Amino acid sequence: LQSKRLAFILRICITSCALLYLWKILRWEEMSGIWQRLPSGILLVPPILMLCNAALHAFRVFLLLRESQSEIRYFSVLSAMLKGNFVGIFLPTGGAELAKIFWLRSIVGGAEKATSVILLARGLELIPWGGFIFFGLLTGISVYSPYLFWFGIAFVTIFWSIATVVIGVGW
């Protein structure tokens with residue numbers, strides 16, 4: 001317990017020093033000029049895109065729940081997704097998904113169903129990612145970085161191997 005407390009204090013000190021250093025090296029007049037030249041609506045773009053992403057994810061989860069014979073409203077699912085996204089800001093990686101499961105379980109009647117639907121929805125997101133990476137490999141991403149090429153090959157190979165096994169088991 002003592003070493004954890006010491007490590008926590010050390011992290012706070014290092015972060016504080018880094019922020020203080022950043023504060024001192026910033027040219028505030030230049031930053032002010034940059035902020036003044038920004039188009040007035042530019043700050044609305046990130047929240048709108050995040051809301052669209054949450055709405056799309058909620059729709060995917062809603063469709064999966066509807067197919068599993070759950071009588072549920074879309075806005076209830078959207079509310080759970082938005083709450084999960086908000087709480088996830090303050091949690092480590094994966095915390096948003098746990099928060100979504102927490103709020104969704106009360107709507108669908110159990111943590112098992114909520115967990116399986118969230119995992120399946122996240123798994124379905126891999127399909128377009130696999131397509132994007134495969135398209136990138138076909139169009140010559142290896143010209144820019146050989147590492148991207150090999151990571152892309154590894155991802156596509158692993159993804160399609162798992163997909164083949166899952167589809168084979170399902171049949």
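The side chains of K100 and N85 are joined by a polar contact of 3.1 Å. A polar contact is a pair of N or O atoms within 3.5 Å; within protein, one atom must be able to donate a hydrogen and the other to accept it, and residues adjacent in sequence count only if both atoms are side-chain atoms. The model is predicted: local features need pLDDT of at least 70, side-chain atom pairs count only at pLDDT 80 or more, and totals for chains, interfaces and linings use all residues. Residues are numbered from 1 along each chain as its sequence is written, and side-chain values use heavy atoms, with hydrogens and water left out.

K100 belongs to helix α5, residues 95-108. Helices (H or I, at least four residues) and strands (E, at least two) are DSSP runs, numbered from the N terminus. K100 is buried, at a relative accessible area of 2%. Here buried means under 20% relative accessible area, exposed means over 50%, and partly exposed lies in between (1.4 Å probe, protein chains only). Neighbours within four places in sequence aside, K100 is in contact (heavy atoms within 4.5 Å) with H57, A80, M81, G84, N85, I118 and R122.

Two exposed residues were also examined. I89 sits in the loop between α4 (74-88) and α5. Its relative accessible area is 57%, so I89 is exposed. S3 is part of helix α1, residues 2-25. S3 has 55% relative accessibility and therefore counts as exposed. From S3 to G123, 120 residues apart along the chain, the C-alpha separation is 38 Å.

The whole protein has seven helices and zero strands. Its order along the sequence is α-α-α-α-α-α-α. The radius of gyration is 22 Å, whereas a compact globule of 171 residues would have one near 16 Å. This radius is taken over C-alpha atoms, and the globule rule is 2.2 Å times the number of residues to the power 0.38. Along the principal axes, the C-alpha atoms fill a box of roughly 60 × 50 × 45 Å. Of the 171 residues, 22% count as buried. Among contacts between residues at least 6 apart in sequence, 45% join residues at least 24 apart.
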